[in-house]
Every structure is written in structure tokens, then in C-alpha cells.
Amino acid sequence: MSNGKPSGAQAVFGDFAPQLVHLTDDVLFGEVWPDEGLSRRDRSLVTVAALVALYRGNELPFHLTTALDNGLSAEELKHAITHLAFYAGWPNAMTAMTQLQKIIQEGG
């Protein structure tokens, strides 16, 4: 990465999965996320909704924090997760809300 530090993907996979690192860093975060077709805020909301609906708890903390950094408020995320409970399932929403609460309590 440009700051001299390895990306998250590079730190986890290093030379073990270089193609996945490339796709993550250069395509997903280098091309898709910066695309101006959606704001970063909206992109975060869509991503959080997909991760909640698909019960992807491993990725959710990173993207909840990113959503906060991209301008979504904790209140907006609480409302979105509550709304998703009816469409994505109660356990999914409860897990997401627990993760959001932890992030907020830790000062995220």
C-alpha cells in the first residue's frame, strides 16, 4: 500500500494468496469502492446490509467501523439493523447489533 504498511489482505495472506490480495486491494478497494456511482456512505450501507443478511460475522466489524468512518451514524446503523431483522432474520440482526454495540462501546 502507499503508506508503506501492508494492506489487511496482505497482512493476512501475504504471498500465500497473491491473486486474492491483488483482487482485494486493487480491484475491490482500488476500483469498486472509489467508483463515484455510489457515495462511500451508501456503499457502506449496502455492504453492511448484505453482510447482515448473509450472516457474515467475520467481515461485519470491519465494515461497521468503515460505515461509521464513511458518515453513517450509530443511530442510522441501529435503525438499518433493526429493519433488517424483519427481512434477514432475527439472529442475524441480533448478532450485528451486538457487534455494533461493542464497536460503539470501544469508541469506534
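This is a predicted model: local features need pLDDT of at least 70, side-chain atom pairs count only at pLDDT 80 or more; totals for chains, interfaces and linings use all residues.

Me: Which residues line the largest cavity?
Reply: The lining consists of L51, V52, Y55, R56, G57, L60, N92 and A96, and by class it has 5 nonpolar, 2 polar and 1 charged residues. A cavity here is a set of points, on a 1 Å grid over the protein atoms alone, where a 1.4 Å probe fits but cannot get out, and lining residues have an atom within 4 Å of a point.

Me: And what volume does the largest cavity have?
Reply: About 30 Å³, where a volume is the space filled by probe spheres set on the points, which are joined across faces, edges and corners.

Me: What about the largest pocket, how much space lies in it?
Reply: The largest pocket holds about 710 Å³, a pocket being an open set with protein on both sides within 12 Å along at least five of seven lines. Its lining has 21 residues, and T24, L28, F29, E59 and F62 are the closest to its centre.

Me: Which helix gives the most to that lining?
Reply: That is α2, with 7 residues; helices are DSSP runs (H or I, at least four residues) numbered from the N terminus.

Me: Changing topic, at what angle do α4 and α5 pack?
Reply: Helix α4 (residues 60–69) and helix α5 (residues 74–88) pack at about 130°, with axes 9 Å apart; axes are lines fitted to C-alpha atoms over the stretch in contact, and angles run from 0 to 180 degrees between N-to-C directions. The two are therefore oblique to each other, since angles under 35 degrees count as roughly parallel, over 145 as roughly antiparallel, 65 to 115 as roughly perpendicular and the rest as oblique.

Me: Which residues make the contact?
Reply: L64, A67 and L68 of α4 meet A74, L77 and I81 of α5, with contact meaning heavy atoms within 4.5 Å. They divide into 6 nonpolar, no polar and no charged.

Me: How do α4 and α6 cross?
Reply: Their axes cross at roughly 55° and come within 10 Å, which makes α4 oblique to α6.

Note on methods. Residues are numbered from 1 along each chain as its sequence is written. Side-chain values use heavy atoms; hydrogens and water are left out. Ala, Val, Leu, Ile, Met, Phe, Trp, Tyr, Cys and Pro count as nonpolar, Asp, Glu, Lys and Arg as charged, and the others, Gly among them, as polar.
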